[in-house]
Amino acid sequence: PPPIICYVTPSGNDGNDGLSWATAMRTIQAGLDRTVMTGGEVWVSAGLYPERIAMRPYVDLYGGFSGVETNRDQRDWNKNPTVLDGQNYGSVVSFRLLLGLIRFDGFTIQNGRSINGGGILAEYSSPIIANNTIQNNIATNSSSMVLGGGVYANSCSMVLSNNLIQDNISNSGGGVALNNDTSDLVVRNTFRSNTAAYTGNGFL
């Protein structure tokens, strides 16, 4: 079947088909799982989503909608904050073993807590991570090799662009840590008040 757009709002219902704002789903993960069958995009309206999500192959995820848009270019992620809150349990967003370029765009990612990648964890994938605020995430245990309070990428080909990365904490690479990555593009990001116990407050 052709690719689809799946819609998600805080007032939606995961029993809906997700094919319009009027029949939107409630959780982002349900939208991703719905769309992986066809490929396409998930559009998420402003609000607080207390969940941790696993990205899916061939599905792009966009936040920053008010809930009436008919064209993606109409959204405004600054006026319509779309917040993923990890509730201090695990990485908030994960990309694992995903084929193709997958875009994650227009969210606030906060309150993640994991050994590596409190906010975003990417492994063996090619994510495009753009236009997000990544804040107040923690990667921690007793090892100095704990990496990436905000973002951790291992063996990826990642684009990290136009994000605000602030107030994240890790033993190393408080804001962002890259491991075994040889072709990442990290441009036009703002790093602010990230902390590392050993090395790389903002970036490692």
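Colleague: Leaving aside neighbours within four places in sequence, what is F104 in contact with?

Modeller: F104 is in contact with I53, M55, L61, L84, V93, F95, I109, I120, I128, I129, A130 and N132. Contact means heavy atoms within 4.5 Å. This is a predicted model: local features need pLDDT of at least 70, side-chain atom pairs count only at pLDDT 80 or more, and totals for chains, interfaces and linings use all residues. Residues are numbered from 1 along each chain as its sequence is written, and side-chain values use heavy atoms, with hydrogens and water left out.

Colleague: Which residues touch the most other members of the largest nonpolar core?

Modeller: I28, M55, L61, V93, F95 and F104, out of 33 residues. A nonpolar core is a set of buried Ala, Val, Leu, Ile, Met, Phe, Trp, Tyr and Cys residues joined through side-chain atoms within 4.5 Å. Buried means under 20% relative accessible area, exposed over 50%, partly exposed in between (1.4 Å probe, protein chains only).

Colleague: And which element gives the largest share of this core?

Modeller: Helix 1, with 3 residues. Helices (H or I, at least four residues) and strands (E, at least two) are DSSP runs, numbered from the N terminus.

Colleague: Which residues does the second core include?

Modeller: Y7, A24, Y62 and F65 are among its 6 residues. That core is separate.

Colleague: How many bridges join strand 8 to strand 12?

Modeller: 5, and the two run parallel. L101 stands opposite S126 in strand 12.

Colleague: What about the open sheet of 5 strands, what order?

Modeller: 4-7-11-15-19, again with parallel pairing. Its edge strands are strand 4 (53-54) and strand 19 (176-179).

Colleague: Which way do the residues of strand 15 point?

Modeller: V151 and A153 point one way, Y152 and N154 the other. All are buried. In a regular strand the side chains alternate between the two faces of the sheet.

Colleague: What is the bridge partner of V151 in strand 19?

Modeller: V176. Strand 15 and strand 19 pair in the parallel sense over 4 bridges.

How values were computed. Two strands pair if DSSP finds at least two bridges between them.
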